[in-house]
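Keep the structure open while you read.

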Amino acid sequence: MQCPKCHGPMRTYNRNGVQIEQCDMCRGIFLDFGELEALTRLESQWAQQVPPAPAPAPAPPAYPAQPAWGAHPPQGHYHHGHRKHGVSRLFYSS
Amino acid sequence: MTTTYSAPSLLAGMAALAGRWDGPAPVSEPVVLAERADVLVVRVGDVVVKAHRPGMDPAALRARLSLAASPALRGIVLPPVLPAGGGPGVSVVDGRLVTVWPLGRPVEPAGPVPWEEAGRLLAALHRVPLPALDASAGLPRCGAAARLARTMRELERVGSSPAVSEIRRAHATLPRWAWTPADPDWRGAEGGEAGLVLVHGDWHLGQLVRRADTGRPAGEPGWLLIDVDDLGLGTPSWDLGRIAAWQASGLLPPDVWERFLAAYRGSGGPAVSEGRDPWPAVDVAARAYTVQSAAVAVLRAGREGRAPDEVDSALVDACRRIADLHRSG
């Protein structure tokens, strides 16, 4: 088979049961009908077998965010707005 | 101009006093900036006049005023407005001690809080070399322990309740020096690892003002510390204590404590050592301010005739955890 782009000779390879033709000259690859889908399927199977790389663990804090008597967890309901007025009470001698 | 607590004669006397500094007549109309049962702050033109709490020691206030006027505190603490011809900066109006200050712009409660600048200013205050101060009037002890003692006395006058019991239990975990203004050993007790330094003594976000001229060399607008009522010698951890109490009570956004502390450490603040857990160093002050703030919260809720809100409850909960931890420990 001849490369449709540069007319160089193409060689057949078998990759996990999928036949692909590669040009010896320009290294271009020719896929038959359905072969791209077959390769994609193989890739996704491979990705499922390999456990995802663990996310880099956050660096442990150099020291605790609160004392032993603190309101663990520190952010508690903060994001839900329950205690959003905490800072406003820091504007006078509480 | 009406006031809730204060006699009209006090307000009129303060306005007249301000008139002596507010430039040529006509004297501006006084505007009440803050009024609580014990303190009245009035703006008149470009100056602010403060009537200090009744019972304040005049000698201690004079010493604190001269500290604020000291060149060693330029660029850190707002200096008072002093009479042009010299003489005392502390006047007596209607039986109250009164001082005069330049006008500054406070932190907007709705706007960004200059946490980093606050940390840097407190570190700078704590690093003021004591020999550089004119101590001829004597350096008083900072007023934080006295403030806690006053609040606990006030709490004795209200009826008992579960919240008051938790506050008293947490108070009982504190060392004596933290709530005894007349403790004869206060110098040794407050000195601790960091040593005795100049401390604000009642620091919170209302204790910052922005000025066009800070007195710092760069000459650009910036923040200064205000309110000398509790200024004096003490452990630097007092000035981190209220923010630490809020952090431990779960009342701060997650990053605020770190930002404040990092700026304080980055400026060489002596209360906490670099790279070490800050909590052992600020623990007593954080517990003291948790007790103090919970007591003020319960007293205020009582005066307003309402149930405790979320912040009040968070502070009382922290008191319960303090007491439980120390009971089991």
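Start at B:Val48, whose bridge partner in strand 5 of chain B is B:Trp101. That pair belongs to a stretch where strand 3 (residues 47-51) and strand 5 (residues 96-102) of chain B run antiparallel, joined by five bridges. Strands here are DSSP runs of E with at least two residues, helices are runs of H or I with at least four, and both are numbered from the N terminus. Two strands count as paired if DSSP finds at least two bridges between them.

Before going on, a word on what you're looking at: this is a predicted model, where local features need pLDDT of at least 70, side-chain atom pairs count only at pLDDT 80 or more, and totals for chains, interfaces and linings use all residues. Residues are numbered from 1 along each chain as its sequence is written, while chains are lettered from A and ligands numbered from 1 in the order in which they are written.

Zoom out and you'll find an open sheet of five strands in chain B, in the order 1-2-3-5-4 with antiparallel pairing. Strand 1 (31-35) and strand 4 (91-93) of chain B sit at the edges with a single partner strand each, so one side of each has no neighbour in the sheet. On average, neighbouring strands of this sheet are turned by 30 degrees against each other, direction ignored. Helix 1 (residues 8-19) of chain B lies across strands 2, 3, 4 and 5 of chain B, at about 45 degrees to strand 2. For such angles, axes are lines fitted to C-alpha atoms (for helices, over the stretch in contact), and the angles run from 0 to 180 degrees between N-to-C directions.

Strand 2 of chain B holds B:Val42. Is B:Val42 buried or exposed? B:Val42 is buried, because 25 other C-beta atoms lie within 10 Å; the cut-offs are 20 or more for buried, 12 or fewer for exposed and partly exposed in between, with C-beta atoms placed from the backbone. Leaving aside residues up to four places away in sequence, B:Val42 touches several residues, including B:Leu11, B:Met14 and B:Val49. Contact means C-beta atoms, placed from the backbone, within 7 Å.

Now for the domains, whose bounds come from an automatic or database domain assignment. Chain B is assigned domain 1 (8-102) and domain 2 (115-208 + 230-328). Their centres, taken over C-alpha atoms, are 26 Å apart, and the contact takes eleven residues from domain 1 and 13 residues from domain 2 of chain B.

Elsewhere in chain B, the axes of helix 3 (residues 115-126) and helix 8 (residues 256-266) come within 7 Å and cross at roughly 35 degrees. Among the residues making this contact are B:Trp115 and B:Leu122 of helix 3 and B:Phe260 and B:Tyr264 of helix 8.

Finally, chain A: its elements run β-β-β-α from the N terminus on, and buried residues make up 13% of its 94 residues. How many residues of chain B are in contact with chain A? The count is 34 residues of chain B, against 25 residues of chain A. On the chain B side, helix 7 (238-248), helix 9 (279-303) and helix 10 (310-328) each give two or more residues, and helix 10 has the largest share with eight residues.

Key. Contact = placed C-beta atoms within 7 Å.
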